[in-house]
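Hello,

Here is the structure I promised you. My notes on its core and its rings follow below.

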Amino acid sequence: MSDVSTINAKTAQADSGYALELRDVSKKFGALEALGGINMSVRPGERRAVLGSNGAGKTTLFNCITGDFPPTTGAIRFFGEDVTAFPAQERIRRGLRRTYQISLLFNGLSVLDNVYLACRGVSRGRFSFKRPAKNDALMQTAEELVATVNLTSAIHTMVSDLSYGQQRQLEIAMALSGAPRFILFDEPAAGLSPTERTELVNILVGLPSHVGYIIIEHDMDVALRVSDMVTMMHNGRIFKEGKPAEIEEDPEVQALYLGGGHE
């Protein structure tokens, strides 16, 4: 099998069927059922929002998809391959990426260094201790990813000196390293100002069309603007699915999540 870093847009689009499939996935922690009978199919290039109140099972769902938590029952397929028993690193090698609610960055390094390390970590030379040369292809890729998330003006800034919104932008750049096929965004708008949220929406909408993603988000306005489909969760199960406009106008969704209305 070729290295995941060589997978390009054409390859991703050529895959038939679904990018991600969950079949009867459940997760129990002792007597607590955090997920129950989850069935979900996401096509290549699709942008899906997963919404729900705290405790709905959204983060547990992500942990099962990434391999951080093995599901108690059910199966997970990634671009047609059964990855249910695969560890997280094997799913990463196949093109799955994730961001987290809490930033996982190297505060003592620059923006460029963080993205370069992310690119290096999914490349064949990831175990090399050699310093990058001036014409290092991965360094050039890192610079392009920094530009993709509009951080070129801060490319040499230490992460500790970035605003919170800039740190979230940096996480997206790192998730884009190594030609990902699918990304899981875990509440990327949390803690952002209105201006930063607008910037985030522009970045997500502007991602390459072949890169699909699922976004967990409490800010419904952000979620509906960046998604093609919406899955609503409640008590560890799927409650509703539909287009953004359908979900926004659904009376049961409004009553359960939005207090009877949404503006």
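The largest nonpolar core has 46 residues. Such a core is a set of buried Ala, Val, Leu, Ile, Met, Phe, Trp, Tyr and Cys residues joined through side-chain atoms within 4.5 Å. Buried means under 20% relative accessible area, exposed over 50%, partly exposed in between (1.4 Å probe, protein chains only). Among the residues with the most contacts inside this core are V115, F185 and Y213. Helix α4 (residues 111–121) gives the largest share, 6 residues. Helices (H or I, at least four residues) and strands (E, at least two) are DSSP runs, numbered from the N terminus.

This is a predicted model: local features need pLDDT of at least 70, side-chain atom pairs count only at pLDDT 80 or more, and totals for chains, interfaces and linings use all residues. Residues are numbered from 1 along each chain as its sequence is written, and side-chain values use heavy atoms, without hydrogens and water.

Now the rings. There are 3 aromatic pairs. Rings of Phe, Tyr and Trp (its six-membered ring) pair if their centres lie within 6.5 Å; planes under 30 degrees apart are stacked, over 60 edge-to-face, the rest tilted.

- F29 and F69 are edge-to-face, because their planes stand at 75 degrees, with centres 5.4 Å apart. F29 is partly exposed at 37%. F69 is partly exposed too, at 29%.
- F185 and Y213 are also edge-to-face, with centres 5.3 Å apart and planes at 75 degrees. F185 lies in strand β7 and Y213 in strand β8, 28 residues apart. Both are buried.

Best wishes
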